[in-house]
Amino acid sequence: MNIQRFSIKGCILGVDDPQLQATLAQIHETAERPRCLCVPGGVEMYVAHHRQFVIKRMPETGSQHHPGCPSYEPEFRQSGLGELVGEAVLESELGSIELRVDFPWTRSCARGVPRGEPQEVSEVEVSRRRMSLRALMHFLFERAGFNRWTPAMQGRRNQGVLHKYLQEAAESIVVKGVALTERLYIPEPFSEAAKAGAAQRRREKLAVLRPREGRSPLALVIGEFKASEVMPLGHRVWIKHMPDAPLLIGAKAWERIERVFAPLLEARDADVGKKVRLMLVALIRARREHTYEIDMASLMLTSEQWIPVEGIHELPLVQALVDQQRRFVKPLRYDARNAASFPNAILLDAGASPVPLHVVSAYLDPKEQAAKALALKSGDDPQWIWRTSESMPELPARARP
């Protein structure tokens with residue numbers, strides 16, 4: 001894909017044009033719309049301001065761009081995001097996003113508080129879909145671009161990049177009337193020389209957890225799970241790049257996490273020849289001063305490059321795509337019942353149309369097997385299929401520039 005170009009007020013400017021910022025300043029907060037020229041006729045976009053002027057795609061227009069365009073996004077129905085857009089994910093044309101979630105931002109500090117007298121019902125709220133912790137982590141990883149891969153990303157992903165782009169992904173997101181950036185902590189890259197400053201910044205960030213008026217605020221921590229350690233009455237949970245601040249959790253709660261997420265915890269010992277990462281998203285509260293306790297948690301498996309995967313069966317495909325320097329996007333599950341209905345990856349460099357890539361594993365449970373069979377049967381576009389009981393077939397050829 002060549003440099004992204006835009007039509008603005010009759011002029012054609014590349015994303016690297018030195019005049020672009022001045023031109024965008026002229027049309028910011030006006031009715032003028034830039035058009036991305038990745039396809040004939042272009043695709044309408046809008047101008048936002050985040051430290052500098054940025055051209056962003058209009059809501060629900062990602063699939064209108066060419067697959068090779070940086071603004072391309074698969075249709076929502078090709079991932080679990082499709083079930084959430086319009087109900088749990090509300091995006092305005094100005095770039096602000098409201099997320100409706102199924103977890104709280106505060107807990108009561110009191111115990112055994114009696115309920116008041118029942119009141120007459122004066123209104124009925126319409127039931128709407130809410131986003132889980134896992135779905136929120138998927139949303140941030142997708143918004144930060146970690147479910148996408150281009151050859152230029154090789155060797156450029158590390159904890160510093162993860163910290164920077166997940167924090168930026170949270171900007172303009174509001175959850176229960178609170179800016180997500182106020183309640184989100186991603187560890188800085190750890191170094192012995194800078195550990196005191198990083199620890200002080202963490203304490204300042206998590207000062208938001210101090211109880212107020214009988215309520216205990218909650219915050220989110222996203223980091224790579226390292227280990228758990230037995231302690232009296234519970235466990236210490238260690239996150240990489242946070243060696244001086246474990247998260248505490250009760251014994252029964254941790255046992256339930258180990259039971260629910262057993263396949264992901266076991267995946268770290270799988271004989272795949274490549275490193276896998278286990279990401280933890282934890283809703284935390286302050287048990288005491290500067291002592292952090294897990295209130296709720298979810299886990300997500302990723303490749304070595306922090307590309308989210310649903311299971312070990314997807315790793316050989318993801319690694320083959322990376323090794324062959326292909327451009328692709330990884331659809332995420334969010335809160336869908338299973339991920340088998342979606343492509344396991346979508347190839348973006350095979351021509352004018354994206355190519356869905358499907359993996360059929362014998363280890364999928366019967367419901368997932370049925371969902372994958374239905375997805376393969378109903379797919380309209382050319383599809384690539386790998387049954388893991390056989391050798392991986394050749395990937396679709398890369399289109400000529």
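This report describes the cores, strand pairings and selected side-chain contacts of a predicted model.

## Nonpolar cores

The largest nonpolar core of the model has 47 residues, and the members that touch the most others are Leu-247, Leu-280, Ile-284, Phe-328 and Leu-357. For Leu-357, the contacts beyond four places in sequence are with Leu-317, Leu-321, Pro-343, Asn-344, Ala-345, Leu-347, Trp-384, Leu-395 and Pro-396. Another core, of 40 residues, lies apart from this one, and its members include Leu-136, Phe-141, Ile-186 and Met-300.

## Strand S17 and its partners

Strand S17, which spans residues 277-288, is largely enclosed by the rest of the structure, because nine of its twelve residues are buried. With strand S14 (residues 219-231) it pairs in the antiparallel sense over six bridges, and in this pairing Gly-223 stands opposite Leu-280 of S17. Leu-280 is also one of the residues that touch the most other members of the largest nonpolar core.

Strand S18 (residues 291-302) is likewise joined to S17 in an antiparallel arrangement, here through eleven bridges, with Leu-283 standing opposite Met-296 in S18. S17 and S18 form a hairpin that has two residues between the strands, and His-290, which lies in the turn, has a positive phi of about 60°.

## Strands S22 and S23

Strand S22 (residues 355-360) runs parallel to S23, and four bridges join the two; His-358 stands opposite Ile-385 in S23. In a regular strand the side chains alternate between the two faces of the sheet. In S23 (residues 384-387), Trp-384 and Trp-386 make up the covered face, whereas Ile-385 and Arg-387 make up the uncovered one. Trp-384, on the covered face, is among the residues that Leu-357 touches.

## A four-stranded open sheet

Four strands form an open sheet with mixed pairing, in the order S6-S7-S10-S11. Its edges are strand S6 (89-91) and strand S11 (178-179), and since each has a single partner strand, one side of each is left without a neighbour in the sheet. The pairing of S6 with strand S7 (residues 97-99) is antiparallel and runs over three bridges, one of which places Val-89 with its bridge partner Leu-99 in S7.

## Aromatic rings and charged groups

Three aromatic pairs occur in the structure. Phe-103 and Trp-105 form one that is edge-to-face, with 6.0 Å from centre to centre and 85° between the planes. Both of these residues lie under the 20% cut-off for burial: Phe-103 has a relative accessible area of 2%, and Trp-105 is buried at 5% relative accessibility. Phe-141 and Phe-146 are both buried, and Phe-141 is among the members of the core of 40 residues.

Charged groups also sit over two rings: the charged end of Arg-183 is placed over the ring of Trp-105, 5.1 Å from its centre, and Lys-164 lies over the face of Tyr-165, at 5.4 Å from the ring centre.

## Gln-4 ahead of strand S1

Gln-4 lies in the segment before strand S1 (5-8) and counts as buried because its relative accessibility is 10%, under the 20% cut-off. Its side chain and that of Ser-71 are joined by a polar contact of 3.0 Å. Apart from neighbours within four places in sequence, Gln-4 is in contact with Leu-13, Gly-14, Val-15, Cys-36, Met-45, Cys-69, Pro-70 and Ser-71.

Terms used:
Residues are numbered from 1 along each chain as its sequence is written. This is a predicted model: local features need pLDDT of at least 70, side-chain atom pairs count only at pLDDT 80 or more; totals for chains, interfaces and linings use all residues. Side-chain values use heavy atoms; hydrogens and water are left out. A nonpolar core is a set of buried Ala, Val, Leu, Ile, Met, Phe, Trp, Tyr and Cys residues joined through side-chain atoms within 4.5 Å. Buried means under 20% relative accessible area, exposed over 50%, partly exposed in between (1.4 Å probe, protein chains only). Contact means heavy atoms within 4.5 Å. A polar contact is a pair of N or O atoms within 3.5 Å; within protein, one must be able to donate a hydrogen and the other to accept it, and residues adjacent in sequence count only if both atoms are side-chain atoms. Rings of Phe, Tyr and Trp (its six-membered ring) pair if their centres lie within 6.5 Å; planes under 30 degrees apart count as stacked, over 60 as edge-to-face and the rest as tilted. A charge sits over a ring if NZ of Lys or CZ of Arg is within 6 Å of the ring centre and within 35 degrees of the ring normal. Two strands pair if DSSP finds at least two bridges between them.
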